Amino acid sequence: MAADSDPESEVFEITDFTTASEWERFISRVEEVLNDWKLIGSRVGNPPEKGEYTSGIWEETCQDINFADFKFTITHHYLKQESTEKRFKVEAEEDATPQCMQDLLCMNNDFPPRAHCLVRWYGLREFVVISPGANCEAIISESKCNLLLSSVSIALTNTGCQVPLFVQIQQKWRRMYAGECQGPGARTDFEMVHLRKVPSQYNHLSGLLDVFKNKIGCALTPMPPISISIRFTYVLQDWQQCSWPQQPPDFDALLAGEVGGVEFGKLPFGACEDPISELHLSTTWPNLTEGIVVDNDVYSDLDPLQAPHWSVRVRKADNPQCLLGDFLTEFFKLCCRKETTEEILGRNSVEEEVKENSDITQALSKLTEPTAVPIHKLSVSNMVHSARKRIRRHRRLEESPLNNDVLNSILLYLFPDSALDKTDSSDVKSTAHSPSRKTEKDKDSEDCNLCNQLKSSPSDSVTCRLALCMCLVNVYHGGVRAVAHLWQEFVLEMRYRWENNCLIFGLASGAPDLRCCLLHQKLQMLNCCIERKRARDDGKKSEGGREKNRPSADATGPSVGSVEVSPGKSWDSWSDSEDEFFECLSDTDEIKEAETERDKKTTNKSKAEGRLQPHGKLTLRNSSEPLYIPITQEPAPMTEDLLEEQSEVLSKLGTSAEGAQLRARMQSACLLSDMESFKAANPGCCLQDFVRWYSPRDYVEEEVTDEAGQTVVRGDLSARMKIPGNMWAEAWDTAKATPARRQKRLFDDTKEAEKVLHYLAVQKPSDLMRHLLPCVLHASILKIKDEESTEDIPSVPKTLQQVTAQASKLLHQPNPDVKKLEEVISQLMSLEAVIARARSLKAKFGIGGADTEDCEELERFVSCLLEDPEVSVIGAGRGPAGSIIHKLFVSSQRLADYSDEAALLAPMEDESVAVPDDRKATLDFPPPAGREILLRTRVPRPAPYSKTLPQRLFCVLMREEFRLAGAFSSDTSFF
């Protein structure tokens, strides 16, 4: 039994070799991706055009793949060319050279200024890169690198893909790649060497040629010619010889208090530092041969002045400090603060003053109040002294954040009419409305459209002026405390103007413009209140002189209408006269009884009051009296927040019958007022008479035959007016014959003005900044447009139009997104930097000077420098731009080589004459910051009888970098 059980108890380990390993799964996944991207098969196309790598559009497609638990990203980079689909449908020969190997020898796109590093090093228009994931470690070990390269080789062989496939190895900052490309009977290996220092034996062309020849190992004699392209790059960093075009501010005018409207009405503009940090000059020798040029450790023929091709690129300063950008940034920071005005400035100064003054005025009463103060301190002198001491301490701690001179200048800029005598109302009124009338006539349509787009305010309005002053005060005169102080003074000025019937300067007359910002609407509402109050008070004064000799009510109607805008009375004109409005207190029983008595008297005497003019030849329906148009109250102006509140209240009433009826009554206040005015102006009238004037469509006239057989025209109410329970009929029955000047005001200017003043007083600085932000953006866009008009930069108007459209969408929202507003401001700042760069380059190249020749060519050159990544210099070092660049380098070298001030001031021409020719290039230009050498040839490899294939070596020599990027092809059929 034991013998039988032993074999059964043994465990056999079965290895299934058909199961795929992680390595095989990785290869399979790579093959799937290549198939999904349709990179399989022959890819032969026309060579790229010259400069296509720079001007064309590069696209990429990414996908994640895994090798076990290690994440990789595979990316397909390719140049989007015209007729891409047709390009690969051309039938190619069986042994045609793959597109990749053709690109290795193409000379149309050497040294592209803006492309992937592999495009620059190998000249490829399409390739695939496998790189470690975002949070994965780099592939450093040699075994892992070989494993990945083996995977790549197998995947390319299995799929027949002819697109180069690279693997990123070593640390990412080193930009090290190894790869492979396979074609019919050929293979190209991409290899790379990266060192921190340049070996001395390879610091010149001759040493690099030796490396290239040894690598390809060509046994042919003579060896096929090697094509050489060389590019040296020189960096100019010192701009001290160039004057900075930014004009400094006039500090004398600012500090002396002579600010005036010109300084406060303008936003600053320009960069505080040079926005161009470096100029890179690249001198290129294309398509040389080995015997033409000599470059070794002893001698070099590579003189930059003799280079046949020059190209220039500028390096822009990162986020240069600009004046307008600082204003916008600091202004926007205030929008995010949460402190109230009292928290910023301390306790309310008015309340503090009232309380502390009461300590003096009530010093005697304090002696008799129960208190815990010691007896020896209970005296009048001690009480007065302590109160004055607190006032002095309060004044010391609460020093005015704004200088009085600056504050007065700002207030004079905001309210120029304050310099006039405010008691002369006619002068103030004409002064206040003159800019508005001028604006309506001469306003630029573009500015008006921009105001409506951004929901800001007219550029010459008091709202826009206040926004500009807030910007200036925030940056130059004390920050948020000065802003809060100025706002307090502004609110006090508004109250003063309301109480003294002074119109607000710089506001158009009429109802609030709902296309403008809410703060501008509030100020317009306050102006409406002041206008109504002034008209009412002026009317009372004019009526008071002729009240005793008034002949009839009909005569006074038109005169009152010519004076009144919205009849009512102010606190100063409160009396018991019958000609005054009943304020909100008209709900009381006493006033109701008085109204009833007056209505009875008026009805009995059949007096017509409040007539404006006859309504054509119409007569009353029940008499032959002419039908008069009454003097009516104007509807109450409303701001957008009041309209929202009203619509919200009406919507809450619901859709029931009671709610609909209540909603109709709330909306019929103006209708009831007009009915009462109509009854007062037309005694004995009926509803049909009112409808004929108020809503002619609801009065239907028909031709009928009377009893005498004659055809007459008779009219009657429309069908909807005859519906039982019609709101118009109910309102007509309840309406009393009361002229407009005796009615309760539809628009209570006193109440509405106090609402506006309270709204202004409780605004936090952050809320105020949000209200003024559209005005600031409006002014900034106008400033950029004005500055750009003198520079003529093509990209700025297009970008500015996009920024305006984006800002318009944001500012019309109730609560704009803060991050998106920051993006708008950053885009405006970038436009300012672009204009500053244009001015800097124009100043450096002497554009605009009286003795400058070829100015148009230089302007085109500077414009291209701003738009393109790299610009060719026409005529190289002998052209207009090249000669200026040469002088800039000479001046920079003179500053670097000499420390004597006399040498710095020496004329440039004399110095150049004194230098020998063999030392001229060395003195004129610094050592090249980077040298790039490109070697290309076609040789049979690995054997002399192998197919002739392209070979390429790209060399980069810099102060702290040495890189060799080689692409070496070999024949896989005959080796």
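Let's start with a contact: Leu671, Leu672, Met675, Phe678 and Lys679 of α26 meet Met727, Trp728, Ala731, Trp732 and Thr734 of α28, where contact means heavy atoms within 4.5 Å. By class, α26 with α28 gives eight nonpolar, one polar and one charged residues. This is a predicted model, where local features need pLDDT of at least 70, side-chain atom pairs count only at pLDDT 80 or more, and totals for chains, interfaces and linings use all residues. Residues are numbered from 1 along each chain as its sequence is written, and side-chain values use heavy atoms, leaving out hydrogens and water.

**Exercise 1.** Work out how the axes of α26 and α28 cross.

*Step 1.* Find helix α26 at residues 669-681 and helix α28 at residues 727-734.
*Step 2.* Their axes come within 9 Å and cross at roughly 50°.
*Step 3.* So α26 is oblique to α28; angles under 35 degrees count as roughly parallel, over 145 as roughly antiparallel, 65 to 115 as roughly perpendicular and the rest as oblique.

**Exercise 2.** Do the axes of α30 and α32 next.

*Step 1.* Helix α30 covers residues 765-789, and helix α32 covers residues 818-844.
*Step 2.* The two axes cross at roughly 20° and come within 11 Å.
*Step 3.* α30 and α32 are therefore roughly parallel to each other.

**Exercise 3.** Find what Met470 is in contact with, leaving aside its neighbours within four places in sequence.

Key: Axes fitted to C-alpha atoms, helices over the stretch in contact; angles between N-to-C directions. Helix = DSSP H or I, 4+ residues; strand = E, 2+ residues; numbered from the N terminus. Nonpolar A, V, L, I, M, F, W, Y, C, P; charged D, E, K, R; others polar.
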